Each structure stands twice: as structure tokens, then as C-alpha cells.
Amino acid sequence: MTKHSFKRVDADPNFVAEEETLLKRYYEEGIVDQYLHKNDSSKKHFTFFDGPITANNPMGVHHGWGRTYKDLWQKYKNLQGYKQRFQNGFDCQGLWVEVEVEKELGFTNKKQIEEYGIEKFVELCKARVNKYSKIQTDQSKRLGYFMDWDHSYYTMSDANNYMIWHFLKVCHEQGWIYKGHHSVPWCPRCQTAISQHEMLTEDYKELVHDSVYLELPIQGRQHEFLLIWTTTPWTIPANIAVAVDPKLKYALVQGTSGDKFWVAEDAVERIFGSEKKGILQTVLGKELVGLHYTAPFDHLPAVKSVQVDNPDTFHSVVATDPLILPIVTTEGTGLVHTAVSAGSEDFKLGKLRGLPLIPVIDDEANYLSDGFGEFSGKNAKKHPELIIDFLKKQNASGHPCLFKVERYKHRYPACWRCKTELVWKVADEWYISMDQPGKDGRTLRSRMQSVAQKITWLPDFGLERELDWLANMHDWLISKPNRYWGLALPIYECECGHVQVLGSPAELQEKAVSGWDQFAGHSPHKPHIDQVKISCEKCGKAVSRINDVGNVWLDAGVIPFSTLLDPQTGPFSWMSHHLRQFWVMPPFWPRTAAPCTNPGATPSNLTRPPAKLASISCAGSTFASLLRKISCLATKKLTKSAVNSILFSGILIAFLSMPV
Ligand SMILES: [Zn+2]
Ligand SMILES: [Zn+2]
């Protein structure tokens with residue numbers, strides 16, 4: 001008989017317990033430590049920037065997926081003998097955390113936050129981040145993910161916030177920061193603006209709304225109407241103009257009732273089918289430009305006053321600009337309802353054509369309390385039937401204006417955090433300009449485009465995406481009004497109109513005229529930061545910080561700089577005026593960085609590791625290498641726009657902070 005040489009295998013193994021035993025061994029026997037320090041004396045460097053995970057909830061499966069890729073990448077480079085940073089990052093600030101804390105407290109609107117107390121609310125946001133960063137750390141360890149878990153960076157840290165201050169000051173010195181009065185996407189629940197960077201593909205919902213065909217009587221012509229179509233009937237009171245394509249053919253169609261309607265020639269069959277007597281006339285769109293019309297809400301005082309002040313442009317037919325608002329004939333009528341205050345394209349076209357605007361809704365998307373008659377105070381978005389019912393009543397009373405209502409399925413944007421459908425409203429917001437020439441005469445857009453091409457992208461199509469994004473990029477909306485937990489934008493706007501942007505706490509202390517002592521010792525967050533008033537360098541008056549917090553893409557985008565140390569003296573790089581010389585990998589990571597991990601790094605958002613990184617890192621930086629490093633930022637979600645956004649943020653900041 002032969003003797004068995006194998007141990008009996010347990011038929012019912014406890015895998016979880018076995019994993020835990022193995023993990024315990026990794027840590028107790030110093031295996032992880034040996035791994036992290038394996039290449040400490042290597043001359044070859046590889047820098048991986050961990051795009052931070054939001055420390056707002058336990059990790060999801062998708063996080064585990066992304067983190068596995070990140071870990072795989074770093075383990076691969078470790079085996080190749082590269083010295084690396086193993087710093088994990090936690091994204092801490094912003095609306096996502098606020099929304100969860102609001103849920104915990106049972107709040108449904110921001111008034112409840114103010115009643116509760118901003119200081120207490122902000123503390124709860126911090127506490128939530130601390131709690132979930134610990135949970136995410138444990139979960140990541142369970143994945144077998146090897147990082148320097150004791151030295152993760154936190155985007156709520158002073159280092160990160162003050163680094164953004166420095167960045168914004170540089171932008172301001174270049175003349176790129178401005179306050180714009182624009183029509184912006186807006187979440188009526190969060191009562192704040194949503195930037196283009198936040199409107200990710202997955203935040204569009206497939207929805208069915210009532211779309212409306214509206215007949216607008218042309219002034220001076222009998223029974224002749226412009227036929228327009230809109231999927232957002234709540235915006236009809238904001239109508240200022242009707243846009244046509246000057247080169248497109250339009251037909252005057254006689255309906256069965258005898259009334260005549262202008263529509264694009266190519267849309268006639270789709271709209272009317274056999275319900276018409278015939279086509280009376282065909283002209284190019286330019287022939288319609290300059291016509292005036294009346295509309296169903298002209299009786300509202302808010303509309304009337306705009307009409308009185310702008311008799312030439314009010315309710316006129318204007319030529320579109322195909323780059324702003326291209327007109328198609330596959331849907332709609334080819335005549336486009338232009339509500340300057342309630343749409344980004346409408347606003348831009350309005351600016352180009354010198355059109356006035358009628359602000360119609362407040363922060364919660366209620367019709368404004370002044371000037372909107374029976375609609376005042378009612379919610380425009382929740383109750384689109386308000387408008388449609390009114391139009392139906394008009395029809396019934398012998399003033400036809402509603403041609404037809406049609407159910408229409410389309411993709412409509414929702415708030416990325418609370419999933420409420422967005423509206424567009426005019427608001428004063430702060431922006432970083434893409435097309436304002438800086439001190440050297442070059443725009444930020446052109447600088448970014450040229451640097452993007454110096455990056456080695458993996459896969460190659462990353463470059464195409466980035467360039468596409470950069471070419472179409474709007475000015476960057478960096479402010480979030482009405483919110484509490486986030487970067488305190490260091491913008492101080494005096495009544496006299498002068499704007500100061502501060503670049504460091506030292507500058508704040510130096511310019512403070514009151515409140516510094518109360519603030520000292522606190523993190524630069526609401527409400528403490530706002531106790532400090534500075535003096536206006538122009539008129540000498542005391543000035544408060546603007547009330548807004550910053551866009552969260554700033555938080556993650558700045559980390560390639562905020563996590564750097566001055567190799568000589570130890571402090572964070574934001575304290576230095578000579579940032580460039582600090583582009584040296586610290587031996588290990590900031591001991592004082594506040595407590596956070598990131599989902600979603602896959603090969604699709606990693607770039608090829610630069611071959612010459614070691615020599616570049618040690619010799620200070622060249623711009624291209626910096627960008628290669630930044631392009632290693634792992635991203636939050638695997639969508640085109642998210643990848644582009646975060647790369648964009650990183651690249652943008654790189655551009656500003658490092659001389660090309
Ligand atoms: Zn929201
Ligand atoms: Zn002043």
C-alpha cells in the first residue's frame with residue numbers, strides 16, 4: 001500500500017476566516033512594510049496619484065474593481081524596482097457629503113441647515129468623512145490593497161485648501177477669474193449651480209415630458225403664426241425671441257382651419273401630414289429675421305417691463321449662430337424658442353444678438369414672487385401643467401396659442417448628487433476664463449491644448465478625448481452658492497467693485513482688519529473663515545469673503561501639488577513661492593496630512609508610465625513630465641466626461657503652477 005502524501009482538504013473551508021488570517025500575517029510579519037519600502041534606495045521613480053475616493057459611504061463593488069487595477073499597477077511597478085509613493089487619497093468636501101448628512105438629519109432643504117447651525121452641520125460633515133475614511137481603509141486592506149494607510153491625504157486638509165487658494169491667486173494674477181452673470185444649470189433642491197464638469201453622462205435620465213407646439217401671432221399679419229416647439233414649457237414666460245437658421249428654407253403652411261404657420265420646409269410633412277390645405281410660400285430663414293410677434297404671457301408685469309425697455313428686440317425673430325445653437329429639422333419646427341434666462345445656448349445667443357432677459361425662477365425653481373401674477377411662488381419644474389393648463393384655457397377663450405401637446409422622450413440632466421431634474425437660471429457665479437489671454441498673451445485653453453499633446457496617453461484615444469473636451473470646454477464655473485461644506489473660495493469682493501483673491505493664510509492674516517483671532521486655530525471652512533474681514537486695497541473698506549464654496553473638482557485636481565513637501569524644510573509646497581523646486585518626491589508622505597481612497601482607475605484612465613520619470617523627478621520638473629504624472633490621476637468614474645474632467649482639473653492646475 002502506498003502512503004498518502006497529501007493532507008486532507010477541508011470539504012467546507014471558511015474562506016473569509018482564511019483571508020483574515022492571511023492578511024493578519026501580511027501586516028504582523030511586516031510583509032506590507034517590506035513591500036512599501038522595497039525600492040527605497042532605487043534611483044528609478046514612478047509616481048502614481050491616487051484620484052481620491054469620496055469618503056462618504058462604505059466602498060461599493062465598483063470601488064473594489066477600480067482599486068484592484070490601481071494596486072495591480074503599483075505592484076507591477078514595484079516588481080520592476082521603481083521607488084513609489086503609496087499614498088491613498090480621500091475626497092472629503094462638497095455636496096455629496098452634505099446631502100448624506102442632510103438625510104441623516106432628516107432635512108429636506110437648506111433652510112433647515114441654517115436653523116440647525118452651520119458650524120454644527122460642518123462638524124457633522126467632517127465627522128462623516130472621518131468615519132467613512134476609516135471604514136474604506138479597512139475595506140481596502142481586506143482587498144489586499146497595499147498602501148501607506150497611515151498617511152493618506154484628505155482633500156479637506158488645510159494643505160489642500162490653501163494650495164487651491166494659491167492656485168486661484170495665480171489665476172487671478174493672470175486675469176482669468178471673473179464673476180459672470182450667466183444662465184447656469186441649477187439644482188432646485190440643493191439650490192446651487194451645477195458646473196459643466198459635474199454633468200456626467202450617467203446623470204442624464206431618460207424621461208418623458210410634455211412638449212408643446214406654440215403658435216405665436218406675427219405682428220401686422222392676419223392669421224399668420226410662427227410655430228415653435230419646446231420640451232420645457234415652464235420656460236415659455238421667459239421667451240424673448242425665436243431663432244431661425246438664415247440659410248434654411250421655411251414654408252408658410254395653411255392649416256385646415258385656414259390659419260397659416262411658418263415652419264422649416266423639411267418639417268412640414270412630419271408636423272402637418274395631411275392636416276393642411278397646402279404650402280403658400282417658401283423663403284430662406286433670413287427673410288423672417290426682424291419679424292415681431294406676441295406671446296401668451298405678455299400680460300405678466302415682469303414680461304411687460306422687459307418689453308417696454310426693449311421694444312426692438314423683444315419678441316423678435318433672430319438669426320441663430322450655428323456654433324451656439326444649431327437648428328435641426330428632424331424634431332421641433334426649425335423655429336427655436338429662445339428663453340435667454342433659461343438655457344445656456346439661449347443665453348449665449350442672447351448675448352450675441354443683444355437680447356434682454358427675463359429672470360423667471362428663484363433658487364428653488366419657484367416663479368419669482370414679483371411680476372408673475374398667478375404663477376408667482378409656484379414651482380415651475382414640479383408643475384409644468386401650470387403653463388399647459390393656462391395655454392389650454394387661452395385656447396378655450398378664443399385666443400388660440402397652443403397648437404398641440406405631445407409626449408416626448410428625451411435625455412434630461414439631473415443633479416449628480418440628489419438626482420433632482422435640473423433647471424437653468426441666471427445667477428452671478430465665479431469662473432475661470434478659458435479664452436482670456438494671460439500675461440504672456442496665451443489663453444488657458446491654448447496652453448492646455450498644447451500640453452495635452454505632450455502627454456503619452458494610454459490607450460491612445462485618451463488624447464483625442466481630452467482635446468475634444470478642451471476644444472468645447474466652457475469657462476470653468478468654480479463657485480457653489482448657498483452651500484456650506486467645501487473649499488472657502490478666497491475671493492473678497494468690495495462694494496467698490498474691487499476684487500481680491502488671497503493666496504495663503506499668511507496673506508489673510510496680513511490683510512485682516514478684524515476676526516483673525518477668532519478664526520486662528522480653525523480649518524479654513526465656513527463659518528469660522530468668514531469671521532475674518534480684510535481691508536479693500538482700493539478704497540480701504542472692510543470686505544467679507546464671498547459666501548460661496550468652491551467646486552469640488554478643484555479639490556481633487558490640486559493634489560499633485562498639495563501633497564508635496566519642501567524637501568529642505570518640510571512644510572507643504574503651497575507655502576512656497578518657488579513651487580517648482582519642490583517637485584521632488586518626498587521620501588515618504590506628509591505626516592500631518594489629514595485623514596481618505598479612490599475608485600475607478602483602470603487602464604483606460606492611466607497613462608503610460610513615463611520612461612524618464614526618475615531623472616525628471618529628481619531634477620525638478622519639466623512640464624511634460626509633470627503632466628505625465630498628473631495624467632496618472634485615477635478617476636472617479638469610468639465615463640468619458642469624468643475622466644476628462646479630472647484630467648482637465650489636474651492639467652489646468654499644472655499649467656498654472658509650473659512655467660512651461
Ligand atoms: Zn441636487
Ligand atoms: Zn473697495
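The model is predicted: local features need pLDDT of at least 70, side-chain atom pairs count only at pLDDT 80 or more, and totals for chains, interfaces and linings use all residues. Residues are numbered from 1 along each chain as its sequence is written, chains are lettered from A and ligands numbered from 1 in the order in which they are written, and side-chain values use heavy atoms, without hydrogens and water.

**Helix H6.** Select residues 118-142, a helix of 25 residues. Helices are DSSP runs (H or I, at least four residues) and strands are runs of E (at least two), numbered from the N terminus. Just after H6, select Gly144, which has a positive phi of about 80 degrees.

**Zinc site.** Next, select ligand 2, a zinc ion coordinated at 2.3 Å by the SG atoms of Cys494, Cys496, Cys536 and Cys539. Donors are N, O and S atoms within 2.8 Å of the metal (3.2 Å for Na, K and Ca). Cys494 is buried at 6% relative accessible area, whereas Cys496, at 40%, is partly exposed.

**Cores.** A nonpolar core is a set of buried Ala, Val, Leu, Ile, Met, Phe, Trp, Tyr and Cys residues joined through side-chain atoms within 4.5 Å. The largest has 78 residues, and Tyr367 is one of those with the most contacts inside it. A second, separate core of 45 residues includes Trp176 and Met434.

Terms used
Expected span 1.5 Å × (residues − 1). Buried < 20%, exposed > 50% of the residue type's maximum accessible area, 1.4 Å probe, protein only.
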